[in-house]
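Thanks for asking for a second pair of eyes on this one. My comments are set out as numbered points, so please take them in any order you like.

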Amino acid sequence: MIGIERKASSMAGLVSSLHRTIMGMKFWSFIGVVAAMIWLLYWFNRTVLNPSHGFDPVKELEQLKEAEVLEIYHSYLDNIELPCDRMLRAGPPADEGWEICDDERFRPVKPCLAYSFGSHWGKSFQFDQDIARLYNCEVFSFDPTMKQDKEVKAKSVQYFDYALGNNLGGSSRVMTLTEIRHSLHHDERTIDIMRLDLNGKEWKEIRYMIQHGELHHVRQLFVEYNTDMNPSAGELLKRLYTLKAIDDAGFKRFHVRANQECTLFMNGIPEEMLKNLDTGCYEVHYLNIHLEQ
């Protein structure tokens with residue numbers, strides 16, 4: 001009985017306190033609180049209790065304005081999902097360098113394999129060479145703009161002037177990831193590290209690789225995402241769906257770097273908002289949780 005009386009007294013005190021708080025509010029403040037509570041209950045019902053009833057996340061996204069989609073897109077790219085306790089830098093300290101996750105469960109172990117695609121023209125090959133030096137990996141570097149001169153030759157890295165892509169034009173220098181692996185007799189091997197720097201073409205190639213299951217054998221994936229191509233709201237949504245598909249395939253972001261060398265320019269976006277988005281490119285580092293060692 002005493003316990004019941006105490007609970008009743010506590011409840012009465014809570015109600016009395018709530019009543020005093022409400023009575024002390026100004027009229028419009030009270031209306032705002034009620035409206036917020038109604039909206040919160042409505043959101044909870046349609047997203048948690050009954051998500052299938054009239055709630056389509058794709059349709060909801062498609063109704064957003066271009067600036068709102070852009071903000072979601074940048075926020076998504078600029079956050080990590082899976083921490084890596086120990087990272088080693090491969091490549092120059094600024095642009096062109098990447099962080100290797102050296103945690104035991106993801107660390108490249110001999111005999112390891114690394115693929116490096118794109119954007120070697122006029123740049124250093126330090127990343128490729130560091131991977132070979134740090135982990136004694138077999139490193140294969142691909143870029144159709146690359147010249148086989150003394151400057152780019154290194155015993156630790158094999159260079160090919162192939163372009164990554166779905167070869168619809170019939171060129172022998174354009175190959176899918178599956179075709180490249182097959183030509184190098186790597187069909188059954190895990191790619192410990194794969195880097196993509198394709199100057200905007202990464203979106204198309206990643207969609208193709210996801211659709212054809214080509215990334216299942218990649219343990220660490222590094223991608224430079226370009227967003228400075230003045231994309232429409234529809235293209236930004238397409239990119240968000242691509243990012244979700246990568247996540248669904250088991251790739252989690254462990255490190256992100258905003259590349260300050262890329263500028264962001266988009267028509268129709270408020271200048272104030274663009275000031276808060278300080279880059280047009282993100283260097284995103286992924287770990288494949290399905291390939292932990």
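The points below go from the overall picture to the disulfides, the aromatic pairs, the cores and a few single residues.

1. Ground rules. This is a predicted model, where local features need pLDDT of at least 70 and side-chain atom pairs count only at pLDDT 80 or more, while totals for chains, interfaces and linings use all residues. Residues are numbered from 1 along each chain as its sequence is written, and side-chain values use heavy atoms, with hydrogens and water left out.

2. Overall picture. The protein has nine helices and 11 strands; these are DSSP runs numbered from the N terminus, with helices being H or I of at least four residues and strands E of at least two. Of its 293 residues, 41% count as buried (under 20% relative accessible area, with exposed meaning over 50% and partly exposed in between; 1.4 Å probe, protein chains only). Among contacts (heavy atoms within 4.5 Å) with a separation of 6 or more, 71% are between residues 24 or more positions apart.

3. First disulfide. A search of the whole structure gives two disulfides (pairs of cysteine sulfur atoms within 2.5 Å). One of them joins C84 to C101, with 2.2 Å from S to S. This pair links distant parts of the chain, 17 residues apart: C84 is in the loop between α4 (66-77) and β1 (87-90), and C101 is in strand β2 (residues 98-101). The link of C84 and C101 is right-handed, with 100° about the S-S bond, and both cysteines are buried.

4. The link of C112 and C137 is left-handed, at -110° about the S-S bond. It connects the loop between β2 and β3, which holds C112, with the loop between α5 (126-135) and β4, which holds C137, the two being 25 residues apart. C112 is buried, with a relative accessible area of 1%, and C137 is buried at 7%.

5. Around α5. Helix α5 has F127, D128, D130, I131, A132 and Y135 as its buried residues. Just after this helix, N136 takes a positive phi of about 55°.

6. Aromatic pairs. I count 13 aromatic pairs in the structure (rings of Phe, Tyr and Trp, the last by its six-membered ring, with centres within 6.5 Å; planes under 30 degrees apart are stacked, over 60 edge-to-face and the rest tilted). The rings of Y115 and F142 are edge-to-face, because their centres are 5.4 Å apart and their planes are at 75°. Y115 belongs to strand β3 (residues 113-117) and F142 to strand β4 (residues 138-142), 27 residues apart. Both Y115 and F142 are buried.

7. Which arrangement do the rings of F117 and F142 adopt, stacked or edge-to-face? The pair is stacked, because the ring centres are 4.7 Å apart and the planes are at 15°. F117 in strand β3 and F142 in strand β4 are 25 residues apart. F117 has a relative accessible area of 1%, so this residue is buried. Ring pairs also link Y115, F117, F140, F142, F160 and Y162 into a cluster.

8. Nonpolar cores. A core here is a set of buried Ala, Val, Leu, Ile, Met, Phe, Trp, Tyr and Cys residues joined through side-chain atoms within 4.5 Å. The largest one has 39 residues, and Y115, F117, M194, L196 and Y225 have the most contacts inside it. Helix α8 (residues 233-248) gives the largest share of this core, five residues. Apart from this core lies another, of 23 residues, including C112, F127, C137 and V139. Leaving aside neighbours within four places in sequence, L196 is in contact with F117, L164, I206, M209, L221, F222, V223 and E224.

9. A buried glutamine. Q220 is in strand β9 (residues 218-226) and is buried, with a relative accessible area of 0%. Its side chain reaches the backbone oxygen of C101 at 2.9 Å, a polar contact (N or O atoms within 3.5 Å; within protein, one must be able to donate a hydrogen and the other to accept it, and residues adjacent in sequence count only if both atoms are side-chain atoms). Not counting residues up to four places away in sequence, Q220 touches residues including I100, C101, F106, M194 and Y286.

10. A charge over a ring. The charged end of R253 sits over the ring of Y76, 4.1 Å from the ring centre (the cut-offs are NZ of Lys or CZ of Arg within 6 Å of the ring centre and within 35 degrees of the ring normal).
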